[in-house]
Amino acid sequence: MLHVLVAVTLLGSLTHQAFSFMRRTPRFSPNSIVNRYRSVHSPTFTNTIIVLFLLQIVLGGLLYPRYRLDVRSTLEDLQLRGANGLFEIKEHFAAVGLGLLPAYWLFWQPPLLPEYAATRKYLTWLLASFVWWNFLVGEYLNNIKGLYP
Amino acid sequence: MDRFARFKIFSMLFGIVYSVFFYFNWSLFQYYPALQKFSRVNLPISDAGPAILWYAWIVAAFAISLAASLLIPRKWAEKIPPGWVWIAPVVLVLVILYYEKHWFIR
């Protein structure tokens, strides 16, 4: 349960930060939800995101033995190879994301130099993609017994 | 930025080292959830159940990337173009997805 709550908080923070790179669009008024969502002060999210990501790794690591014994064997019994593959990718994304945290922190350090804006953006988008993938796969695997009766 | 330039090396290497260890199935230790214990040696699956190698891959990636980032001179680290820091993991992700396709294609 804690793993899911931390995941949702991390997902919200990273998505906010990732959206902050979107250009302000004249299609929406400055007070629209789209422009308000993307106009957060994104550097303030950085340390929180790093702490939440590390916490997620620890919580995921603690849950892994139960997954390996209970869920994975069920997936193998049901011959759901694809579901196992999704989890394999999830664990690799978690590891690659973990390794990116020092660079992510570095490029978000003030002053935010414009020459590093692209690197900052792509590192943030990469981390956001990993977190979204891992969240969706985690939820899918969590509910898989209900999906395949 | 320059003071922490070595972070770029760490981040670029971590995913690569992790992937090499997982590709070759190298691990300095494994965890056996059924026995709830770590082991330096491979135990038979009939007695110990399945092993988890992921912890060992993370530890190896951390140790090797940290050592390399401390050993490589800071001046070299400063010269690494910032783009490499995100391009390297993007390439790695593509390699991982290609490698893992066997789960979805028979």
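**Figure 1. Helix H5 of chain A, from end to end.** In this predicted model, H5 of chain A covers residues 117-142, 26 residues in total. From its first C-alpha to its last, H5(A) reaches 37 Å, close to the 38 Å expected at 1.5 Å a residue. Look along H5(A) for its buried residues: Thr119(A), Arg120(A), Leu123(A), Thr124(A), Leu126(A), Leu127(A), Ala128(A), Phe130(A), Val131(A), Asn134(A), Gly138(A) and Leu141(A).

**Figure 2. H5(A) packed against H4(A).** The axes of these two helices come within 9 Å and cross at roughly 150°. An angle over 145 degrees counts as roughly antiparallel, and therefore H4(A) is roughly antiparallel to H5(A). The crossing of H4(A) past H5(A) is left-handed. On the H4(A) side, the contact includes Leu86(A), Phe87(A), Phe93(A), Leu100(A) and Phe107(A). H5(A) brings residues including Leu123(A), Phe130(A), Trp133(A), Tyr140(A) and Leu141(A). By kind, the residues of this contact divide into 18 nonpolar, four polar and two charged. Some of the H5(A) residues listed as buried in Figure 1 return here, among them Thr119(A), Arg120(A) and Asn134(A).

**Figure 3. The fold around the helix pair.** Stepping back to chain A as a whole, you will find six helices and zero strands, so the order of elements from the N terminus reads α-α-α-α-α-α. Of the 149 residues of chain A, 34% count as buried. Among chain A contacts between residues at least 6 apart in sequence, 77% join residues at least 24 apart.

**Figure 4. Where chain A meets chain B.** Here 26 residues of chain A are in contact with 32 residues of chain B. On the chain A side, helix H3 (46-77), helix H4 (81-107) and H5 each supply at least two residues. H4(A) gives the most, with 15 residues. The chain A residues that touch chain B divide into 14 nonpolar, eight polar and four charged.

Figure 5. Pro110(A) and Pro111(A) are joined by a cis peptide bond, with omega at about 0°. Pro111(A) has its place in the loop between H4 and H5 of chain A. As a reminder, most peptide bonds are trans.

**Figure 6. Two glutamines with positive phi, one in each chain.** Most residues other than glycine have a negative phi. Gln79(A), which is not a glycine, has a positive phi near 55°. The residue is found in the loop between H3 and H4 of chain A. Gln79(A) counts as exposed because it has 9 C-beta neighbours inside 10 Å, and a residue with 12 or fewer is exposed. In chain B, Gln36(B) also has a positive phi, of about 55°. Gln36(B) lies in the loop between strand S1 (30-32) and strand S2 (37-39) of chain B. Gln36(B) is exposed too, with 8 other C-beta atoms within 10 Å.

**Figure 7. Pro44(B) and Phe4(B), two residues of chain B.** Pro44(B) lies in the loop between S2 and helix H2 (45-48) of chain B. With 7 other C-beta atoms within 10 Å, Pro44(B) is exposed. Pro44(B) and Phe4(B) are 40 residues apart in sequence. In space, the C-alpha atoms of Pro44(B) and Phe4(B) are 45 Å apart.

Key: Residues numbered from 1 in each chain as written. Chains lettered and ligands numbered in written order. Predicted model: local features only at pLDDT ≥ 70, side-chain atom pairs only at ≥ 80, totals over all residues. Helix = DSSP H or I, 4+ residues; strand = E, 2+ residues; numbered from the N terminus. Expected span 1.5 Å × (residues − 1). Buried ≥ 20, exposed ≤ 12 C-beta atoms within 10 Å, placed from the backbone. Contact = placed C-beta atoms within 7 Å. Nonpolar A, V, L, I, M, F, W, Y, C, P; charged D, E, K, R; others polar. Axes fitted to C-alpha atoms, helices over the stretch in contact; angles between N-to-C directions. Parallel < 35°, antiparallel > 145°, perpendicular 65-115°, else oblique. Left-handed = near helix turned anticlockwise from the far one by under 90°.
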